Amino acid sequence: MKALSVHLTDICNSKCNFCIVDSPFVKDDSISRKRVSRFLQENADKGFEAVNIHGGEATIRKDFLEILDEIQGLGYPTVLLQTNGRKLARMEYAKTVVSKNVSLFIVSLHGARALTQDRIAKALGSFQQAVTGIRNVKELGALVRTNSVVCKDNFTEVPDIVDLCLDLGADHVNLSALHTSGTALRNFWDVTPRYDEIQPYVFEAVDRAVRRGKMVTLEGFPYCAIPGYEQYMIDWKQNQFKMLYRKFVFEDYENYMDSNARVKDERCGGCAHNGSCGGVYKEYAEFVGWDEFQPVTPTATA
Ligand code: SF4
């Protein structure tokens, strides 16, 4: 898919302890409507199949619904909304958003129970709101992809998170490795698990989704940290995202991430996955090191 991607705000109504945007510490939103509108107008009629919206939490912008109207008016085929789902707990609001051409909701759910999710998000009630939000948009006929970041606070319940998301009707569940930037970098040692400790739980979570015949993907994991499960890595190469992020425009965001957020070391040169693996988040490699990551020999994958 060729999509336009718009970072609508740095602000959020939750305060996740691993927020890569660093929302818990952002006081004022600096992203102007004028800049967003210009980006949308400049790229209309250029063959983009969707507009992917994210933040922060996009739904808390006062002009969020107007921006959806603008996207629709400019003729973009559809909207994908990344959200914590909290505002969607109000059915009337969920109906309004769905009616404005949002076809896929990518909802963050980081706990299988309120205690975990609310603690991570530092927002009492956020779990119940997200759960209700998912139920509402499913009832309205939209597609839902859930995203769960695997962190120190939730990794043992990741299989239960996947079960919950599927019970709620999610069409696709995605598990993300923790991106060690923003608030996650400030809280690095409190939030970042080692790949070798989360591995059995991630595998069990994938297995549960597969047993239920549901779509499951992994994102941001070095291939050598998920041996035997490489096929579940989300394939970004099939997608091209042109992104407006604050004052910057990235022509191909995934390429940017591969070359700036993740690193490889000399061992990767001889690895069978070198061509497809994005490497290790650079702060993780810097703080924890490379002991866990062993190159895969070409014969081992044959
Ligand atoms: S050794 Fe390097 S290239 Fe190979 S899977 Fe691990 S991180 Fe990726």
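**Close-up views of a predicted model**

**View 1. Two strands, β8 and β9, side by side.** Strand β8, which covers residues 240-245, pairs with β9 in the antiparallel sense, and three bridges link the two. Please keep in mind that this is a predicted model.

**View 2. The whole open sheet.** Stepping back from that pair, how many strands form the open sheet? There are nine, and their order is β7-β6-β5-β4-β3-β2-β1-β8-β9. The pairing among these strands is mixed. At the edges stand β7 (215-219) and β9 (248-250). Each edge strand has a single partner, so one side of each is left without a neighbour in the sheet. If you follow the sheet across, the twist from one strand to the next averages 20°.

View 3. Which residues surround the ligand? They are Y223, C224, C268, C271, N274, C277 and P295. The ligand takes up the space of the largest cavity.

**View 4. The annotated span, residues 1-219.** In UniProt, an unreviewed entry lists residues 1-219 as "domain: Radical SAM core". Within this span, 40% is helix and 19% is strand. Its end C-alpha atoms lie 17 Å apart.

**View 5. A cis peptide bond between G55 and G56.** To find the place, look in the loop between β2 (50-54) and α2 (64-73), where G56 lies.

**View 6. A positive phi at K122.** Most residues other than glycine have a negative phi. K122 is a residue other than glycine, yet its phi is positive, near 50°. Where does K122 lie? This residue is in the loop between α4 (114-121) and α5 (126-139).

Terms used. Residues numbered from 1 in each chain as written. Predicted model: local features only at pLDDT ≥ 70, side-chain atom pairs only at ≥ 80, totals over all residues. Heavy atoms only, no water. Pairing = 2+ DSSP bridges. Helix = DSSP H or I, 4+ residues; strand = E, 2+ residues; numbered from the N terminus. Axes fitted to C-alpha atoms, helices over the stretch in contact; angles between N-to-C directions. Near = heavy atom within 4 Å. 1 Å grid on protein atoms, 1.4 Å probe; cavity = no way out; pocket = protein on both sides within 12 Å on 5 of 7 lines; lining within 4 Å. Sits in = over half its atoms within 2 Å of the grid points. UniProt positions renumbered as here; feature names shortened; annotations may be inferred.
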